[in-house]
Amino acid sequence: MNKQLEITPNLEALFGTRDENLHLLEGGLNVSIDLRSDHIFLEGAARDLARVEQVFADYEHLRKTGYTFYNGDLGSMLKIVISDPSATLRGLAEAGRQRSFGKRVVQPKSLNQRRYIEAIEKNDMVFGIGPAGTGKTYLAVAMAVAALVNKQVNRIILARPAVEAGERLGFLPGTLQEKVDPYLRPLYDALYDLLDQEKVDRYLERNIIEIAPIAFMRGRTLNDSFIILDEAQNTTSEQMKMFVTRLGFNAKAVITGDITQIDLPNARRSGLIEAAEVLKNVNGISFNFFDEGDVVRHVLVQRIIRAYDDHKHRLEQQLSLLPSATPAEPLVERSSPPVLEQ
């Protein structure tokens, strides 16, 4: 089936650098897009052509209403539209517009990120599990800021295990805050990116935003709060159970972590791994998993994560081919003969 669309003024921005967005639509929706002097010639199945036409119509509507795309957001939204037939460019843009993230507009850059944001909106406890650079922590902090700005909660509490989950900070120089700050720096970075520095400092001073090691959560009941536990793979089973039972009234908790980067002496005792098994069927808790396709850092990060995953699979295959070891005979401790007294 063929179709022609008129090229309206300023539509060229939709095409992307070297028409990369058009190539994205062609590959993702299995259509052919041919640019002519005054129109666009489309060829493909009727259903696929309808989705392409919807993208062009949505972009035109957003352009006329003054919407501006930042930092590759358009390409990211198009990837979501391609991956999810129920998503539209206009719907994604207007959903981001409705959320107030302080001084920034935050848009999900993958289908998993979109599901993660929607899960945080709908559930009181959400787990975000995946490799580095997938936006787990940043999006959680953005949703916390949005909840605070929109007066849905009264405070934000950001927690993190410190020093390989052992929180052995006593030997470090300085005050307690100076000991803890280096381990919580990624949370500060996200806050300063989303809010003005003066506002963040004021919120920290008034304890509207609280940043602390997870040990400080013990014995507390957290009401009217948005709580984030970052680097949760480095919590012990006891710490994780303690944290997930802190939830009070009108509170929301987001737990993020990367189970491929566990610093605990015994990785099998990671509280995050245990929680994913124990809590997977609990109503009201959402588990969201990310992969290298969700990485929003340098393209090399995706390749590095994929290389490590491939290496891990090769090692597992090699180990599975090894003959099973015969258990060694248990050593029997022989007691010395008694010494007879003369």
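Met125, Leu222, Ile227, Phe243, Val244, Arg246, Leu247 and Ala253 line the largest cavity. A cavity here is a set of points on a 1 Å grid over the protein atoms alone where a 1.4 Å probe fits but cannot get out; lining residues have an atom within 4 Å of a point. The model is predicted: local features need pLDDT of at least 70, side-chain atom pairs count only at pLDDT 80 or more, and totals for chains, interfaces and linings use all residues. Residues are numbered from 1 along each chain as its sequence is written, and side-chain values use heavy atoms, with hydrogens and water left out.

The lining holds seven nonpolar residues, no polar and one charged. Nonpolar covers Ala, Val, Leu, Ile, Met, Phe, Trp, Tyr, Cys and Pro; charged covers Asp, Glu, Lys and Arg; the others, Gly among them, are polar. The largest cavity has a volume of about 30 Å³. That volume is the space filled by probe spheres set on the points, which are joined across faces, edges and corners. Searching the whole structure gives one cavity of 30 Å³ or more.

Now the sheet. It is open, with three strands in the order S1-S3-S2 and antiparallel pairing. Strands (E, at least two residues) and helices (H or I, at least four) are DSSP runs, numbered from the N terminus; two strands pair if DSSP finds at least two bridges between them. S1 (2–6) and S2 (32–35) are the edge strands, each pairing on one side only. On average, neighbouring strands are turned by 20 degrees against each other, direction ignored. Axes are lines fitted to C-alpha atoms, for helices over the stretch in contact, and angles run from 0 to 180 degrees between N-to-C directions.

S2 and S3 (residues 39–43) pair over four antiparallel bridges. Asp34 stands opposite Phe41 in S3. Helix H3 (residues 46–64) packs on the sheet and touches S1, S2 and S3, contact meaning heavy atoms within 4.5 Å. The direction of H3 makes about 5 degrees with that of S1.

Definitions and conventions: On a 1 Å grid over the protein atoms alone, a cavity is a set of points where a 1.4 Å probe fits but cannot get out, and a pocket is an open set with protein on both sides within 12 Å along at least five of seven lines; lining residues have an atom within 4 Å of a point.
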